[in-house]
Amino acid sequence: QPQINLASGDIVGAEALIRWNHPELGMVPPGRFIPIAEDCGLIVQMGDWVLLEACRQAAAWRDAGLGEMVMAVNISSVQFKNRNLENSVIQALVDSGLAPACLELELTESILIQSDGEYVLKSIQRLKSLGVQLSIDDFGTGYSSLSYLKRFAVDKLKIDQSFVRDMASDPNDAAIVQAII
């Protein structure tokens with residue numbers, strides 16, 4: 001999914017979104033198969049594959065002359081708790097040849113408020129030290145603590161679509177989005 005600069009209309013990045021085209025069921029939405037993958041323990045391998053393929057695609061676009069673009073990849077809370085995320089990120093960057101600054105890891109607010117807060121903080125600090133960018137996905141649907149934003153030094157907030165979708169027609173949504181920005 002492209003990320004577009006609204007002022008210039010230029011594509012400045014992309015977000016890797018996994019989809020499953022089942023031979024009998026057709027397109028299965030991620031909301032249906034991601035929780036199952038998390039429950040049965042396949043999400044870590046799936047997440048590692050998505051991370052590597054997304055980095056390879058961004059590097060291929062760069063090599064094709066499209067320039068350096070940021071590739072955003074969602075990280076599930078199960079994947080984060082696996083405690084091997086840093087190694088997976090390093091491996092994907094090395095294998096693809098993508099610069100760390102061209103990778104953005106999208107975390108949900110729930111990851112930031114895990115019970116093992118010290119581990120989360122240190123892990124995020126290590127990821128940031130690699131040079132990757134971090135964003136909070138679906139911002140505004142969880143705890144939305146500004147102290148977490150300060151503590152974890154995220155690069156980007158992705159305001160949840162439930163606020164953005166109707167902001168042109170709902171003054172409350174517009175006020176929330178404007179306040180967040």
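I started at cysteine 102, which is buried, with a relative accessible area of 7% (buried means under 20% relative accessible area, exposed over 50%, partly exposed in between, with a 1.4 Å probe and protein chains only). Before going on, I noted that this is a predicted model, where local features need pLDDT of at least 70, side-chain atom pairs count only at pLDDT 80 or more, and totals for chains, interfaces and linings use all residues. Residues are numbered from 1 along each chain as its sequence is written, and side-chain values use heavy atoms, with hydrogens and water left out.

**Cysteines**

I then looked for disulfides and found 0 (a disulfide is a pair of cysteine sulfur atoms within 2.5 Å). Cysteine 102 is in none, its nearest cysteine sulfur being that of cysteine 55, 9.5 Å away.

**Sheet**

Next I traced an open sheet of 6 strands, in the order β1-β2-β5-β6-β7-β8, with mixed pairing. Strands (E, at least two residues) are DSSP runs, numbered from the N terminus, and two of them pair if DSSP finds at least two bridges between them. β1 (2-4) and β8 (156-159) stand at the edges with a single partner strand each, so one side of each lacks a neighbour in the sheet. From one strand to the next, I get an average twist of 30° (axes are lines fitted to C-alpha atoms, and angles run from 0 to 180 degrees between N-to-C directions).

I stayed a while with β5 (residues 70-74), which runs parallel to β2 (residues 11-16) and is joined to it by 4 bridges. Glycine 13 stands opposite valine 70, and glutamate 15 has alanine 72 as its bridge partner. β5 also pairs with β6 (residues 103-108), again parallel, over 4 bridges. There, alanine 72 stands opposite glutamate 104. In β5, 4 of the 5 residues are buried, so the strand is largely enclosed by the rest of the structure.

Last, I looked up the largest pocket and got a volume of about 1,400 Å³.

Methods. 1 Å grid on protein atoms, 1.4 Å probe; cavity = no way out; pocket = protein on both sides within 12 Å on 5 of 7 lines; lining within 4 Å. Points joined across faces, edges and corners; volume = space filled by probe spheres on them.
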